[in-house]
Every structure is written in structure tokens, then in C-alpha cells.
Amino acid sequence: QVQLVESGGGLVQPGGSLRLSCAASGIIFSIATMGWYRQAPGKQRELVAVITSGGTTNYADSVKGRFTISKDNAKRTVYLQMNSLKPEDTAVYYCRLEYSEIWGQGTLVTVSS
């Protein structure tokens, strides 16, 4: 059974940092393309960052230079390092096995003073 489990969300002040983790099971993680998405209240879910099996990354314009996606094949985990957080980054963050409908349950990130 394929499962994605996110962790690392929480409350952080503007300008702060958080690192999200997504642990995968039931897939050949080393060949997976993984994505991070977010959904803010009242808005559609949007792509934040993607990383391919070869390590190629792509980011939404709104997070370029602030967020970094990475993956550790040995730990079967994909990360999202978020720096210089802004209130508009507040959302539920989800990881996804790309090219599938397999999603994690989400983790809430709140950026507020």
C-alpha cells in the first residue's frame, strides 16, 4: 500500500523558517518524481515545488529563492525547506507522488506574528 506522511508544519513568525518532511512507503522512491503543493483557505491547491528522480527541481515563482525541495532516497523522504516565510505562505501543505493521485494527508503551516 502506497502511503505518504507529511510532518513539520506549525506556527512561525514572518521571516522565520520551517522544514517539511514527507515520508514515503510502498513505492520505488528512487525513481519517483515528488511534488509539494499547498492550499490556502478559499483558494485552489497550487504546485509549490517538484523534484525528479534525477534531482531536477522546479519552483513556483512565488517561492523561488526562498524554498528548497530535496529528497533523500535512503530515507525515502522528500523535504521542503522554507525560509523567509511570509503570511501569504500560510496554507495546508501536501506532498504528492507525481503522475498519480497519491497524496499525503497534509500539514498546516501558519505564518503569523
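**Exercise 1. Determine which residues D89 touches, and describe the setting of this residue.**

Solution. Leaving aside residues up to four places away in sequence, D89 touches R38, R66, F67, S84, V109 and V111, where contact means heavy atoms within 4.5 Å. The model is predicted: local features need pLDDT of at least 70, side-chain atom pairs count only at pLDDT 80 or more, and totals for chains, interfaces and linings use all residues. Residues are numbered from 1 along each chain as its sequence is written, and side-chain values use heavy atoms, with hydrogens and water left out.

Next, locate the residue: D89 lies in the loop between β8 and β9. Strands are DSSP runs of E with at least two residues, numbered from the N terminus. D89 has a relative accessible area of 1% and is buried; buried means under 20% relative accessible area, exposed over 50%, and partly exposed in between, with a 1.4 Å probe and protein chains only.

Finally, consider the polar contacts (pairs of N or O atoms within 3.5 Å; within protein, one must be able to donate a hydrogen and the other to accept it, and residues adjacent in sequence count only if both atoms are side-chain atoms). The side chain of D89 makes one with the side chain of R38 at 2.9 Å, and another, of 2.7 Å, joins the side chains of D89 and R66.

**Exercise 2. Identify the cysteines that form a disulfide, and state how far apart their sulfur atoms are.**

Solution. A search of the whole structure finds 1 disulfide, defined as a pair of cysteine sulfur atoms within 2.5 Å. The partners are C22 and C95, with sulfur atoms 1.9 Å apart. C22 belongs to strand β3 and C95 to strand β9, so the pair ties together parts that are 73 residues apart in sequence. Both C22 and C95 are buried. The torsion about their S-S bond is about 50 degrees, so the disulfide is right-handed.

**Exercise 3. Describe the aromatic cluster formed by Y37, Y94 and W103.**

Solution. The structure holds 2 aromatic pairs. Rings of Phe, Tyr and Trp (its six-membered ring) pair if their centres lie within 6.5 Å; planes under 30 degrees apart count as stacked, over 60 as edge-to-face and the rest as tilted. For Y37 and W103, the centres are 4.8 Å apart and the planes stand at 65 degrees, so this pair is edge-to-face. Y37 is in strand β4 and W103 in strand β10, so the pair ties together parts that are 66 residues apart in sequence. For Y94 and W103, the values are 6.4 Å and 90 degrees, so that pair is also edge-to-face.

Note on methods
Helices (H or I, at least four residues) and strands (E, at least two) are DSSP runs, numbered from the N terminus.
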